[in-house]
Amino acid sequence: MGIATRPAPIGPAVTADRFRATRALTLDLAAPLSDADATIQSMEDASPAKWHLAHTSWLFETFLLRDHLDGYRLFDGKYPFLFNSYYEAEGRRIARFSRGMLSRPSLEEIVAFRRAVDAAMEALLEREDCAPLIQLGIAHEQQHQELLLTDIKHALFQNPLGPAMFDRLSENTHHTVDGWIEHQGGIARIGHDCGTDRFCFDCEGPRHRVLLEPFRLSRRLVSNADWQAFVDDGGYRTPSLWLSDGWAWVQREGVTAPLYWHKDEQFTLAGWQPRDPQAPVAHISYYEADAFASWAQSRLPTEAEWEVAAIRADPSAGQQMDRAEAVQPAATPELFGSCWQWTRSAYLPHPGFTAADGAVGEYNGKFMSGQFVLKGASCATARGHSRASYRNFFYPHQRWQFTGLRLAQDI
């Protein structure tokens, strides 16, 4: 996930409204959690909900209030050490794997920190010179809203009681279409010109040309029923389907199904629920997605193919997050939403990419190694956050996010 360098101007009133709405939604998402729920950390890849609440506030306090509001004093001088993520330019910080050891400050104290930051930010919301950083902070917090949900889902999954964060799953209608989106290939332009359009992250640009061979992209995501057929056909026992690293991962970890599957059920933010065969499969690694594509006599799309196919699609359509609820992928006909979609493209800089100056420049460039690009959005992505050029990225073994796949073929 990335950071903005040159977001396009947006009116101060719109920016202020987005700031307030985003900050309120984060608290709504955390509202069902006890202090104990919000403190636990189930693995190094995930962070406690309490840490997400504080870290997003630390960013506004550090890059806006501290640097742009005269006379501002830090809420607590110890918080930068606790809630800095990986900004080397901002000094020492607690080790990532130790975030779950922070029983103090309490959830109540973190919420008080958030409210103090929000109150102080009111003085900056109308300032045009602060607008780019405020927009950055909003987008950053939206990313952490999704991480908060997926991280707490993984944490609650460790509990043999199967606790639910929400009383019931979000209500979704299932509608999808079969078939393919075909493209004749040729020279296309992808990426985002952040200087002339709306907000974007620096890793999305600059806009550049790519050469595509003719291809087609499936109109629907791979479903749970599709994946069950793969399992039943011995997909996890057939080494010829797997990349070498993927097969080693399957053997080492004993993987036999997507994360959160057990018999005919799956774990959700509403606890254990029957698995919907028509819903998109989720919580799969790149290795699993690639193996399934091989089994289906297809392949994963490249980042460029997906982006070109989606250039006229509505990035705000499909199943995306509008409110605090137990989101779960549902079948829809849109390219965006439900699940982030693995591509076969490595997460590398676009031609001409340069990292932003200062601490914010650390967000993207230094992570362009060993990860793969995912496109679209998920059921836990704040609606309006994504776009065709958006580049999510994870390591090939990671699957605690709402990650799925859409098949591609050569033609």
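**Contacts of one residue**

Reply: Leaving aside its neighbours within four places in sequence, Leu149 is in contact (heavy atoms within 4.5 Å) with Leu29, Met165, Phe166, Leu269, Met321, Val327 and Ala380. The model is predicted, with local features requiring pLDDT of at least 70 and side-chain atom pairs pLDDT 80 or more, whereas totals for chains, interfaces and linings use all residues. Residues are numbered from 1 along each chain as its sequence is written, and side-chain values use heavy atoms, without hydrogens or water.

Leu149 belongs to helix H6, residues 131-157; helices (H or I, at least four residues) and strands (E, at least two) are DSSP runs numbered from the N terminus. Its relative accessibility is 0%, and Leu149 therefore counts as buried (under 20% relative accessible area; exposed is over 50% and partly exposed lies in between, with a 1.4 Å probe and protein chains only). Glu108 stands 41 residues from Leu149 along the chain, and their C-alpha atoms are 19 Å apart.

Strand S5 (residues 261-262) runs antiparallel to strand S6 (residues 265-268), and two bridges join them; strands pair if DSSP finds at least two bridges between them. His262 is opposite Glu265 of S6. Two residues lie between these strands, and in this hairpin Lys263 has a positive phi near 55°. S6 also pairs with strand S7 (residues 271-274), in the antiparallel sense and over four bridges, with Thr268 opposite Gly271 of S7. The hairpin from S6 to S7 likewise passes through two residues.

The axes of H7 (residues 224-232) and H9 (residues 286-295) come within 11 Å and cross at roughly 80°, the axes being lines fitted to C-alpha atoms over the stretch in contact and the angles running from 0 to 180 degrees between N-to-C directions. H7 and H9 are therefore roughly perpendicular (65 to 115 degrees; under 35 is roughly parallel, over 145 roughly antiparallel and the rest oblique). H7 contributes Asp226, Trp227, Ala229 and Phe230 to the contact, and H9 contributes Glu288, Ala289, Ala291, Phe292 and Trp295.

The whole structure contains 32 aromatic pairs, in which ring centres of Phe, Tyr or Trp (its six-membered ring) lie within 6.5 Å; planes under 30 degrees apart are stacked, over 60 edge-to-face and the rest tilted. Phe19 and Phe60 form an edge-to-face pair because their ring planes stand at 90°, with centres 5.0 Å apart. This pair links distant parts of the chain, 41 residues apart: Phe19 is in H1 (residues 12-30) and Phe60 in H3 (residues 49-68). Phe19 is buried at 2% relative accessibility, and Phe60 is buried at 1%.
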